[in-house]
Every structure is written in structure tokens, then in C-alpha cells.
Amino acid sequence: MRQDERMTDEAIAWAVRTGDPSFEDWDAFTAWLEADPAHAREYDRAVAAVMDAAEDGFVAPANDDVPSEAPARGGWRWLALAACIVLVVMLSFIQLRDASYVVATAAGETRTVALADGSDVTLGGGARIVLDRDDPRVATLERGRALFSVRHHEADPFVVRVGEQTLVDAGTVFDVVRADTVTSVAVSEGVVLVNPERKLARLEPGDTLSVTDGSDAYRLGTAPVARIGEWRDGRLTFDDATLGEIAHELSSSTGIAFSAAPAVAERRVTGSVALAPVEQNPQAIGPLFGVAVRREGDSWIIDRP
Amino acid sequence: MSSNRAPNGLEAAFLANRERLLRFLRARGAGDAAEDLLHEVWLKITTAAVGPVAAPMAYLYRTADLLMIDRYRSERQARRRDKDWSEAAATVPGVSDAPSGERVLIARDHARLVAEALDALGPRPAAIFHRHRIDGVQQRQVAEEFGVSLSTVESDLRRAYRAILEVKERIDEA
């Protein structure tokens, strides 16, 4: 026990040191890690806990809607839990302040955001989503690609707003892409209802739908379930997508600028791209889609072969 | 975009110190995946638009370290999901398996629990934690702002980290 405590103390001390941008003594840190294989896990635990706390954004102490008195040392945890139980009752009655926040990713970056209800959202590169700290059952995807893994809640369905479209889950894993005014949805598990109040479509595993704002014409399709969300593992599959859309997706996912020449931008192709080789060599997509890829300044143009 | 220019200082540092980084990743718990993760570090530095880096080695180590933390966090997330699913599967068919009110409440409110835990340490550690971790101010500068030594800042941060770790663990057990 005492040994474990000491290891935790050491892990915390390292987490404090490596957490500063000016930290340079990585050799000493490596030596500590090598001293015991359990050190790495302990360090992960400490850093992850602190990152979680920092990302929760953490509310100002002594918040006025929690009826907490200055708690006695040692007993504060129980008081805090008790305060929470009071709070859950209050939550049903009081209107909370606006607590929305934005999570955005850079091109080439992937990030998973855990929501307070146990759901999570993984964002692909160049995505932007608006979430609400007080209502984890609502999300607005403004652009990019997101994979939602949603906890089912009969009385409180999870709602995703994308442009003019509303998606309502029924306990689900589903992928959503927003590019310009086009919204595409693919369901991997469970059921998603699209626009239940306007023109309802019901999507089951393997179903895909895309729709453009300003129109209620749904383009329905199917996709192998195993492929949905595979972008998290570094693969993008395009099914009858235009080269313009593909260029956009590749740019977001890799951080490399692709664009499609006007002559081919509307051409539709199908194929599955592993991203790592494309990141090494952008011209690798040429043979797959039967196009030429040439460099122009800082970007790569997809054009006629 | 940086994928199509000559190798820069960062890439040169990577190539010259491949073995050191690999050793770090192994020590960091990467195991058999160390080579793959090293490749990911390479992809990150070659595809992201990285500005001039004053200390390339520190930058590379940090990139590798963050990669391992990401990995730990996503594995943990997957474990939680599996646990939640197995619990959900154990409920009576046809009955809503909504999580208990207490559970949702604890999750929903951990930010508040963390804030209270930090508050319990006294005003300075909480304020120092906030300045460093939320505002992103370097520890040396935080020390100047608060008129304390760097080691006091470090010690306050250690206390804050410890308090957060305890709260998070309590939440996980709940």
C-alpha cells in the first residue's frame, strides 16, 4: 500500500513537471519509467485525470446554485456528494444558465469528447461541434465528421442538429458528416430518426442518408456496418462520392490540402483509402480513383489523368 | 501545409534520435506498438503545420507522450463503454435501461466536485492550478504572478493533481 502511494506521488510529481511547456529533462523521465513497468500506467492515470478536469472546464468554486457550506477537511467529499443529490432534485426545477461550449479539431486531428451522460463523440479533422455542459443530450455539428456513441435514454433522446437537419437517436452509434450544406449520416448500431418533425426517415444499421439544406430529397443508401466509423482507424471509404467531396474529406482528415480541378470535381467514384500512405505520398490516390494528382504551390490538385 | 517541403529541423531531429524516442515509447508502455506509434509521431510532425520549434527533442518527446496519453484515454473510454453495455444487457428486457439518477448526476457534476476538491486545498493551489492548466500559463510565470517560488508552484500543483485524481477515482468507482 505504502509502495503504491509513493509511486502515485512520484507519478504526480512527473505529471506536474512534464505538464510545463518548458520541461526538457525527458531522459530522467525515461529513466523513472524504465525503473518499473507500473510507472507508466500510474503516470497515465494522473495525467488523464488532470486533463479530464481541465477539459470539463471546471466551474468556479463556491457556485451559488450548490448549497455547500465550507466543508470540514476530510468530510468534504461526502458533503459534495450530498450537495449533488440535492442538485439533481433541483435540476428538474431550475433553469440553468447558458453553458454551451465549442470543441473544434485542426485538420488531421482526431479527438474524442466524453459527455456527462456517458455518451461520447469522436471528431475527425477540421470539425466543429457545439455542446452544452448542462444538457449532454444535445449537440450541434457545424462542420466536419463526427462519430456519436450514444447512451440510450427512453425519456430523453439524444438530438444532433446539423444545418437544417435534426437527428434523433434511439440508442446508437452513428457517423455524421457536414460539408458545406450537405449532411450525411451512416448508422452502425441502433436506430436514428432523421427530421422526425418534418419528413421522417428511419435509419437502421448499415443505412446511409445524405441531404442538402433547402431540399427534402433524401439520398438513401447502404454501407457495410464494419466500415462505418472506420475513419477513426485511418481509413476513409467513399461510395459514389464526387471527387470534390473526396478532396475536401482528405484535406480535413490528413491536414494536407487537396482540391479537385473543375473538370473532374463532379465526377463520382467509389473506393477505400488508407490515410497513412496518402500522408506519406499524396499522389497515392491517383491509381485508386483513376486520376492524376499534381502539386500546385502548397496544395495537391486532383485532375484528369 | 508542410507535406511537400524539404525535411526541417524537427524532422532531422527525429531521424537522428529515432532510437531514443523508441526507447521512450517502450518505457511509456507502448510494448509491441512502439514502432507504429513512432511512425505516428513522424506523421504528426510531417503533416501538421508546425512552426519553428526552439527545442526539437522536447517537442518530439512531448508529441510521443501525448500520443500515449491519448491512447490510454481512448482505451479507458472503450472499457467504460463495455462496462456500461454489459450492465445495460443485464437489465430486464422491455424495461428502459436508463442509468440511475445518481449515476448521471455524479457524471454530470464532476466538474463541480473537482472545483470543490480544489477549493478545499485553499485559495492559492486552486488559483495556481487554474492559471497553469486552464489559462495555459507556464509555471515560472505563474510563480512570478503569485509572488512565490517555482517549487511552491510545483508543490501546489502536486496537491491539486492529487485531489483531482482522488475525485476522479471516486467518480469511477461510483
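Me: Which residue stands opposite Glu296(A) in strand 18 of chain A?
Reply: Strands of a sheet pair through backbone hydrogen bonds, either parallel or antiparallel. Here Glu296(A) stands opposite Ser299(A), and Val293(A) has Ile302(A) as its bridge partner in strand 18 of chain A. Strands (E, at least two residues) and helices (H or I, at least four) are DSSP runs, numbered from the N terminus. This is a predicted model: local features need pLDDT of at least 70, side-chain atom pairs count only at pLDDT 80 or more, and totals for chains, interfaces and linings use all residues. Residues are numbered from 1 along each chain as its sequence is written, while chains are lettered from A and ligands numbered from 1 in the order in which they are written.

Me: How many bridges join strand 17 of chain A to strand 18 of chain A?
Reply: Two strands pair if DSSP finds at least two bridges between them. Strand 17 (residues 292–296) and strand 18 (residues 299–303) of chain A run antiparallel and are joined by five bridges. Their hairpin has two residues between the strands, and Gly297(A) takes a positive phi near 60° there.

Me: Which strands stand at the edges of the sheet?
Reply: The sheet is open, with three strands of chain A in the order 15-18-17 and mixed pairing. Strand 15 (258–260) and strand 17 of chain A each have a single partner strand, so one side of each is left without a neighbour in the sheet.

Me: Is Arg143(A) buried or partly exposed?
Reply: A residue is buried if 20 or more other C-beta atoms, placed from the backbone, lie within 10 Å of its own, exposed if 12 or fewer, and partly exposed in between. Arg143(A) counts as partly exposed because it has 17 C-beta neighbours inside 10 Å. Arg143(A) is in strand 5 (residues 138–149) of chain A. Contact requires C-beta atoms, placed from the backbone, within 7 Å; leaving aside neighbours within four places in sequence, Arg143(A) is in contact with Ala127(A), Arg128(A) and Arg178(A).

Me: Which residues touch the most other members of the largest nonpolar core?
Reply: A nonpolar core is a set of buried Ala, Val, Leu, Ile, Met, Phe, Trp, Tyr and Cys residues joined through C-beta atoms within 7 Å. In the largest, of 33 residues, they are Ala15(A), Ala46(A), Tyr161(B) and Ile164(B). Helix 9 of chain B gives the most to this core, with eight residues.

Notes: Two residues are in contact if their C-beta atoms, placed from the backbone, lie within 7 Å.
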